[in-house]
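Keep the model open as you read.

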Amino acid sequence: MRHDRANGRPRGRFLATVGPFLLAVIQVVGSIGASHNQSDATDIDAFAILLLVVGPISLLTIRRCPQAVLSFVTVVTFVYLARGYPYGPVFTAFLIAVVVNIALGNRTAGWVAVSLALVLSGIARVVFDDQSLTWGWALGVLAWGLAILAVGELIRVRRVNVVEMRRTRAERARRQVGEERLRIARELHDVVAHHMSLINVQAGVALHLVDRKPEQVETALATIKDASKEALIELRALIGVLRADDEEAPRVPVARLAALDELVGRTRQAGVELQAHVEGDTSGLPSAIEVAAYRIIQEAVTNIVRHSGARSATVSVVVGASAVDLEIADDGRGVAPDFADTDGSGIRGMRERAEALGGTVDIAR
């Protein structure tokens, strides 16, 4: 896709540069050829050729000053007609200028230019060509003008639709980037908060036992080592999402409900007797639901270890036909009275995860 767009830009610039010169040649050659069948018209001379050339050449600057170019081409076309030169492709540059202006959004300028061209054509026919206005001629010129306007409006509508489609696509991409950034932030918070909490608890235990029961310090240090190792593994997996496209994708599996046993083991080492029960088949759960369920359980257990002072806790997972119910309970102090005013990012993250999948989180004392 990038290669095609990159090639399309030079091609477009090439046509915008060479096209006006080709159009000038076409107008000159076509008008000379048309003059052979219009014996009553003024012969093509140097001034006529100049008019046939300057109109198309002015299209080189139509992107920078479209209305000025349209005005210039309109004047050049009228002067050509007023001099009585033969009809032919002289209107091509005018047609292109009108269509480009309407496509760029200068609708009033385009419509005024066409209306003015119709009026000037009638004046040139009566005053300079000494011919009367007939209904057939008027209807033909009117149809010609309406056709130009219709083409310009169709291109404008298509251009607006393309711009809107690109804007919508860009907005969707920005929204997806924002959602992915939020998801990674949640994952980082859950990983760091959980493992750092376990490390903090076990470090406190080790300091407390270093003089009294030094033989138990080894267990606390082993727990710290395991927790820090697992935290590093999960952090590397998350950071791998932010790698460049040409780097190898992370191979660490996403947290699943099957990893509850490991969570139970780490929590027990932190001093909380955790029991986990799973009812139903978790293998058929969508990945997003399973990851969210595990992270919610992980955050809840982290809060129990850090804040509740509990000795035991239970985790219940019930997989139903249309929902997954999670219940995490402990025998600790419960929720503080001012909990609603101190709701931290962890609780907020649990609510956001659940709400993103159509669920809710309820916290009771």
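Helices are DSSP runs of at least four residues, numbered from the N terminus. A cavity is a set of grid points where a 1.4 Å probe fits but cannot get out, and its lining residues have an atom within 4 Å of a point. This is a predicted model. Searching the whole structure turns up two cavities of 30 Å³ or more.

**The largest cavity**

- Its volume is about 70 Å³.
- The lining is made of Thr-74, Thr-77, Phe-78, Leu-81, Phe-91, Phe-94, Ala-117, Leu-120, Ser-121 and Trp-144.
- Helix H3 (66-82), helix H4 (91-103) and helix H5 (107-128) are the elements that give two or more residues to this lining.
- H3 gives the most, with four residues.
- Seven of the lining residues are nonpolar, three are polar and none is charged.

**The second largest cavity**

- This cavity holds about 50 Å³ of space.
- Around it sit Gln-27, Leu-51, Leu-52, Gly-55, Pro-56, Val-73, Val-76, Thr-77, Val-90, Ala-93 and Phe-94.
- Helix H2 (46-57), H3 and H4 each supply at least two residues of the lining.
- Which helix supplies the largest share of this lining? H2 does, with four residues.
- By class, the lining has eight nonpolar residues, three polar ones and no charged ones.

**Residues that line both cavities**

**How H3 packs on H4**

- Two packed helices are described by the angle between their axes and the distance between the axes.
- For H3 and H4, the angle is about 155° and the axes lie 9 Å apart.
- Why is H3 called roughly antiparallel to H4? The angle of about 155° makes it so, because angles over 145 degrees count as roughly antiparallel.
- The crossing of H3 past H4 is left-handed.
- On the H3 side, the contact is made by Pro-66, Gln-67, Leu-70, Val-73, Thr-74, Thr-77 and Leu-81.
- On the H4 side, Phe-91, Ala-93, Phe-94, Ala-97, Val-98 and Asn-101 take part.
- The contact of H3 with H4 has nine nonpolar, four polar and no charged residues.

**Linking the topics**

Notes
Residues are numbered from 1 along each chain as its sequence is written. This is a predicted model: local features need pLDDT of at least 70, side-chain atom pairs count only at pLDDT 80 or more; totals for chains, interfaces and linings use all residues. Side-chain values use heavy atoms; hydrogens and water are left out. On a 1 Å grid over the protein atoms alone, a cavity is a set of points where a 1.4 Å probe fits but cannot get out, and a pocket is an open set with protein on both sides within 12 Å along at least five of seven lines; lining residues have an atom within 4 Å of a point. Grid points are joined across faces, edges and corners, and a volume is the space filled by probe spheres set on the points. Ala, Val, Leu, Ile, Met, Phe, Trp, Tyr, Cys and Pro count as nonpolar, Asp, Glu, Lys and Arg as charged, and the others, Gly among them, as polar. Axes are lines fitted to C-alpha atoms, for helices over the stretch in contact, and angles run from 0 to 180 degrees between N-to-C directions. Angles under 35 degrees count as roughly parallel, over 145 as roughly antiparallel, 65 to 115 as roughly perpendicular and the rest as oblique. A crossing is left-handed if the near helix is turned anticlockwise from the far one by less than a right angle, and right-handed if clockwise. Contact means heavy atoms within 4.5 Å.
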